[in-house]
Amino acid sequence: MSVSTQVLTSSRLARRALGSSAVKAAFTPHGVDRYLEMIDPLWAETDVRAEITDVARKTDDSVTLTLRPNANWKGFRAGQFVRVSVEIDGVRRTRCYSPANSEFRRDGRIELTIKTDPKGLVSRHLRANATPGTVVHLSQAQGEFVLPLPHPRRILLISGGSGITPVMSILRTLCDKAYNGRITFLHYAFTEDDVIYRKELDAIAEKYESIKIVRAYTDQELGGDLHGFFSRDHLLAADKHYAEADTYVCGPLPLMDSVRALWTEEGLDDQLTVEQFTAPVRTVSSDDADGEISFSATGTTVANSGRTLLEQAEDAGLTPEYGCRMGICFSCVRRKDTGVTRNVMTGDLCSDNETSIKLCVSVPVGDVSVDL
């Protein structure tokens, strides 16, 4: 038996032994995973962890990470997202990012391209500090921004800025599947230098006659195919048969709102799928806020300012885990002990006690107690 085979066999035996029910009981309260990671940071009975194997900075405000997940990773469908957790100054921070690679990538690795938010703690940290060998935590893939089966015969992809990542995954997957329908890919960027996958898109357009790549630049008057912001004229220039296509859109809110409005106007809502990573405008006013919030686990009590429970917890100096900050990733779910909360996106009230709520989209209505 070779040395590499011996090491692999030993690691499997160790994980199997530590995963037994008897050993689980012995390792409480920390759990088996805490001890497995002392042997190898990627080892875990249930947690999905991934090692960064490559780091590329393709534009001035982005970083592309290649990750090797452990055996607990179940894969993803093109267009889905994952929650990525990293430790920054001793606090675990979680954000949502979409894999950009094809779901059929042969080595099983994941490619994440992360655009730096000037105010973003995690994106700035990863761009500045990510190095090969770093281990991060992942969730399993989530999201419904995926193509139906069987695939439609005509597909229109529209993206803007960092919204290119799930759309790029869909495009790469279709190429790997030898999809023989028609694809139009309309992408918006400030300038050509801001297009993260510019060279690859050029190569795809050159290789596949059935794929049309349309480049739209908002801050560059020369080069590209279109200039300025999304409009009906842009749409007709990109694909005059758009009404026959299934359309997938991901990007800044103004772009998605413009697309939604046009599709609604033409009665095409059923043919439109959007992926949103920017928090929508809240529908609840904070002008009449009253009562107090009790964060029972820490014994902290504050006057209700009308902001979300996540924001008020942060204002009080607490550091609850969160991800998307718009109610889709479940990272900030906590137990509401007592009181009434309102969902800032829908306006719905929750008056049940001892129930789970999402801190990022819940505001107190009067006195509220949260297990935090």
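Leaving aside neighbours within four places in sequence, His234 is in contact (heavy atoms within 4.5 Å) with Tyr188, Leu226, His227, Gly228 and Phe229. Keep in mind that this is a predicted model, where local features need pLDDT of at least 70, side-chain atom pairs count only at pLDDT 80 or more, and totals for chains, interfaces and linings use all residues. Residues are numbered from 1 along each chain as its sequence is written, and side-chain values use heavy atoms, with hydrogens and water left out.

**The chain overall**
- Of the 372 residues, 46% count as buried, meaning under 20% relative accessible area with a 1.4 Å probe, protein chains only (exposed is over 50%, partly exposed in between).
- Take the contacts between residues at least 6 apart in sequence: 64% of them join residues at least 24 apart.

**Around His234**
- His234 sits in helix H7, which covers residues 232-238.
- With a relative accessible area of 8%, His234 is buried.
- The His234 side chain reaches the backbone oxygen of Phe229 at 3.2 Å.

**The open sheet**
- Six strands line up as E10-E9-E8-E7-E11-E12 in an open sheet with parallel pairing; two strands pair if DSSP finds at least two bridges between them.
- At the edges are E10 (226-227) and E12 (272-275), each pairing on one side only.
- Helix H5 (residues 164-176) packs on the sheet and touches E7, E8, E9 and E11. The direction of H5 makes about 150° with that of E7, using lines fitted to C-alpha atoms (for helices over the stretch in contact) and angles from 0 to 180 degrees between N-to-C directions.
- E11 (residues 246-250) and E12 pair in the parallel sense over 4 bridges, and Tyr248 stands opposite Thr273 in E12.

**Aromatic pairs**
- The count is 3 aromatic pairs: rings of Phe, Tyr and Trp (its six-membered ring) with centres within 6.5 Å, called stacked if the planes are under 30 degrees apart, edge-to-face if over 60 and tilted for the rest.
- One of them is Phe145 with Tyr248, edge-to-face at 5.8 Å centre to centre and 75° between the planes.
- Phe145, in the loop between E6 and E7, lies 103 residues from Tyr248 in E11.
- Phe145 is buried at 1% relative accessible area, and Tyr248 is buried at 3%.
- Tyr188 and Phe230 also pair edge-to-face, at 6.5 Å and 70°, and both are buried.

Notes: Helices (H or I, at least four residues) and strands (E, at least two) are DSSP runs, numbered from the N terminus. A polar contact is a pair of N or O atoms within 3.5 Å; within protein, one must be able to donate a hydrogen and the other to accept it, and residues adjacent in sequence count only if both atoms are side-chain atoms.
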